[in-house]
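Open the structure in your viewer and keep the selection tool handy. We will take a short tour, one stop at a time.

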Amino acid sequence: MAAHPALYLGLDASTQGLGAVLLAADDERAEVVWTHDLSYDEALPQFGTVRGVLPSTDPAVVLSPPQMWEDALHLMFAALVRSGLDLSNLRAISGSAQQHGSVYLRADGTFSRDVSPVWLDSSTQDECDAITEAVGGADRLARHTGSRAYARFTGPQIRKFFETEPAAYADTARIHLVSSFLASRLIGSHAPLEPGDASGMNLMDLATRNWWPDAMQATAVGLEGRLPAIVPSNTVVGTLADSWRARYGVPPARVIAWTGDNPSSLVGTGVVTEGQMVVSLGTSDTVCGVMREPPVHPHGAGHVFGAPTGDWMGITVFANGSLARERVRDEFGLNWSQFSNALAQTPPGNHGRLMFPWFVPEITPVVSAPRVHRVRLADDDVAGNVRAIVEGQMLAMARHSRWMGVTPTAIRATGGASVNRDLLQVMADVWGVLVATGPSSNAASLGAALRAWHADRVADDAPLAWTTIVEAAGLEPATIVRPRREAHATYAQLQQEAARDEAALLGG
Ligand code: XUL
């Protein structure tokens, strides 16, 4: 590595906290030189959040205070300076954030709404129905925007705000996503969006990568002037503002468009070419596959988003990810190692016992009121319940991502729970393919740092191919788990039963 390598900062504002990765890079190699994570509940208790969201009496309404995200960014810069690293060669900063959440600002940058609805909010089904009808049906909406109307998507959330708080909507000059809001704070003016995060709004037309007039009209009056522009993902959106430079003594780094955490994680796990797949086991579980062309008729269960490479990604999202695994762990008073032991003690297929673990309202399939179904499974069977939740989740992920038409030769697993080998074994056996873990659980912030590096080189007219970037970062798998033939056959059988049971539970 050169004596003074270029430094790239990648940030990720997730549901529960803010993470950062500092990458040192020269032409041949890149290495992570610093990471830091903070939890909103612990670092900023004055906002009163629990797991990053405000307590609510209605489980469908899930809000967070946007000021908390901005304050967390300051805490992160302070921690970076405290690290004592020489930051004089900090070249570029990028970031990612939980998708879909919206931030409402007046012309002077102050908040016209002091809360932001986030992706866990499921309170806008009426708005989804109204938007779907206004644009001429679910298929037309999905063909244009990449998704049917989803309660957590920004368009339905904006419509609800427009209808229920008209004065505050009138007072709003700009509606940002969490990603473009934080980028805006860094550059000291309104930052644009890029297609990866903008496609999570039910407002962007995939064909033009611009706002779709019919969707804007169906959502709220006067929306056009309130939305940021959409620019390519590798755009330099500005320079770190004077106030940040003066306060933290950092150089005028380029700020690259921020994106959503899922597009960012793709790059952060080294997935940059068509036909690859990532399963992320985080607060939510997600399955993402890279595709050159978006499928023409996206199936109801998934979404098409822009990928940071300029390609497309299919994504299916499960709200009952870690949230649900933690519920089962806590219900039986286990720690993670006991949870793992319980998994190891039970056979693949769990003697036909199944669980549909909808502890919170589920996104895939849509289940609006929380309910947990156990099939042939006793409530007090500890090991049986542990295996049933993991198998239930893995079978659902495989079943509901078939629409992408991506047949991977290997799956990249990331997210906090990907350190659990027993869980990865279930993943490998259900899909029947090899599972390889990423080198880091900070896939989204690492992806942001890699995007900063990539865009900085493009801006310097010395571009590096994405494949070179991920190779230089040494994104070698940390663990490889192989599928077992017999277990895969068991799951193929169980999958049919699970699909039938799910259809029956949802009324056909
Ligand atoms: C994606 C989604 C979640 C959030 C989590 O559609 O809703 O994965 O991005 O941060």
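A cavity here is a set of grid points where a 1.4 Å probe fits but cannot get out, and its volume is the space filled by probe spheres set on those points. Keep in mind that this is a predicted model.

**Stop one: the second largest cavity.** Select S233, N234, I256, P308, R451, H454, A455 and W466, which line the second largest cavity. The space inside has a volume of about 40 Å³. Helix 16 (residues 443-459) supplies the largest share of this lining, three residues. By class, the lining divides into four nonpolar, three polar and one charged residue.

**Stop two: the largest cavity.** Now select P357, W358, G392, Q393 and A396, which lie nearest the centre of the largest cavity among its 19 lining residues. Strand 18, helix 14 (382-399) and helix 18 (485-505) each give two or more residues to this lining, and helix 14 gives the most, with six. The volume here is about 150 Å³.

Most residues other than glycine have a negative phi, and most peptide bonds are trans. Go to P365, in the loop between strand 18 (354-358) and strand 19 (371-375). The peptide bond from T364 to P365 is cis, with omega near -10°.

Next, select H100, in the loop between strand 5 (90-97) and strand 6 (102-105). H100 has a positive phi of about 80°. Is H100 buried or exposed? H100 counts as buried because its relative accessibility is 5%, and the cut-off for buried is under 20%.

Conventions. Residues are numbered from 1 along each chain as its sequence is written. This is a predicted model: local features need pLDDT of at least 70, side-chain atom pairs count only at pLDDT 80 or more; totals for chains, interfaces and linings use all residues. Side-chain values use heavy atoms; hydrogens and water are left out. Helices (H or I, at least four residues) and strands (E, at least two) are DSSP runs, numbered from the N terminus. Buried means under 20% relative accessible area, exposed over 50%, partly exposed in between (1.4 Å probe, protein chains only). On a 1 Å grid over the protein atoms alone, a cavity is a set of points where a 1.4 Å probe fits but cannot get out, and a pocket is an open set with protein on both sides within 12 Å along at least five of seven lines; lining residues have an atom within 4 Å of a point. Ala, Val, Leu, Ile, Met, Phe, Trp, Tyr, Cys and Pro count as nonpolar, Asp, Glu, Lys and Arg as charged, and the others, Gly among them, as polar.
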